[in-house]
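Here are a few quick notes from my look at the charged side-chain pairs. Have the model open while you read.

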Amino acid sequence: MLIRFLGMSKMVKSLVRIKINQRYSMMLLKECCELFMSFPEKEKRYIFGDPIAVAIKNGLVEIVDEILKSYPNVFFCDDSNGDSPLKLSIAYRQGKVFKILRQHQEERLGYDIGNWLDNDSRTTLLHLVAQKPTPNYIDSSSNTVIHMQRELQWFQAVEDMVRPFYKTPKNKGKTPWDVFEEEHRELEQNEKNWIISIATSSSVVASLIATVAFAGAITVPGGNNSQGLPNFNGGIIFTVFMYSDSLAFAAALTTVLTFITIFTSQFTPKDFMNALPRRVLIGLTSLAISVMLLMIAFGSSMFLVVGSNRLSLVPIFLIGILPILLYISLQHRSLVSMIKSTYQTFHDIDQ
């Protein structure tokens, strides 16, 4: 208890220290911003350009907000690489930063960034979001199982805030959707291969479960009497076996049929939005259910066979639970992430 208390005490102290450092850092930033505001306009654009770029790349919302409050025109300042804050927030998929940029432009300057258009290149906001994000974003966003789905959600969210006139301009002869398909072709192929591999391996396992469940239904534990009826017919344990075995067979067939629809899918980019993630979710969920029901059927059949010596079954049941716990521990994060990204409303850049 003492060691645990000391550990928590150190954790609390470190958190307090971090909050204090953060507070002083924000105070220092505010003082620096006030100081730099007395500089000429050309120097301010140079001074604020790179710091806000670094803050955007790392998702430091408080710093971006403070710089925008001090110098609203920083929205139009490029960093040393020639990238604007708007372009960086989209390239690094920083949804909270994008919200702040949009909010500041509407409140301070009365400008809706949804109507942003580069007259020289005919590049719109949709063209920017259609481009592939930075590799660091794809590698680090482990909370998203199907990255193509997240990319489509970003594109659709921006498309909803853009007026119809700004959806049609062509940049180098390409509409925003043309750019999206071209930029995400490699990512689309990689995730197509991943989904097919998941469907293939899961279908094999489900087929084995269906075979075992079907065999268990034909050769019931305890055998049949002279009339062809099961000897344990009518008992509670036998009823549990019958229902769990039948449901395991049905769940396994559901898994196989669901993944067959994936094999026959055309794998268009828009299929990654809802259709494919839902099929993968249904297939994996029904596979998990079939495994659990098969283990219940196995346990009930062991009860029927052993009879009075049921204490000897405790170690067998404990070992039988391990596959279920292992599957849940390995898959629950991915399943929860897919459920959230598929069925929850996309709020990354909504007002």
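1. Start with Lys69 and Asp65, whose side chains meet in a salt bridge at 3.3 Å, N to O. By salt bridge I mean a side-chain nitrogen of Lys or Arg within 4 Å of a carboxyl oxygen of Asp or Glu. Both residues sit in helix 3 (residues 61-70), 4 residues apart, about one turn of the helix. Helices here are DSSP runs (H or I, at least four residues), numbered from the N terminus.

2. A caveat on the source: this is a predicted model, where local features need pLDDT of at least 70 and side-chain atom pairs count only at pLDDT 80 or more, while totals for chains, interfaces and linings use all residues. Residues are numbered from 1 along each chain as its sequence is written, and side-chain values use heavy atoms, with hydrogens and water left out.

3. Buried or exposed, or in between, for Lys69? Lys69 is partly exposed, at 42% relative accessible area, and Asp65 is also partly exposed, at 22%. The cut-offs are under 20% for buried and over 50% for exposed, with partly exposed in between (1.4 Å probe, protein chains only).

4. Next, Glu182 and Lys174: their side chains form a salt bridge at 2.6 Å, N to O. Glu182 is partly exposed at 39% relative accessibility, and Lys174 is partly exposed at 30%.

5. Asp83 pairs with Lys87 in a salt bridge too, with the closest N and O atoms 3.6 Å apart. Lys87 comes out as partly exposed, at 34% relative accessibility.

6. For the overall tally, a search of the whole structure finds 4 salt bridges.

Notes
Helix = DSSP H or I, 4+ residues; strand = E, 2+ residues; numbered from the N terminus.
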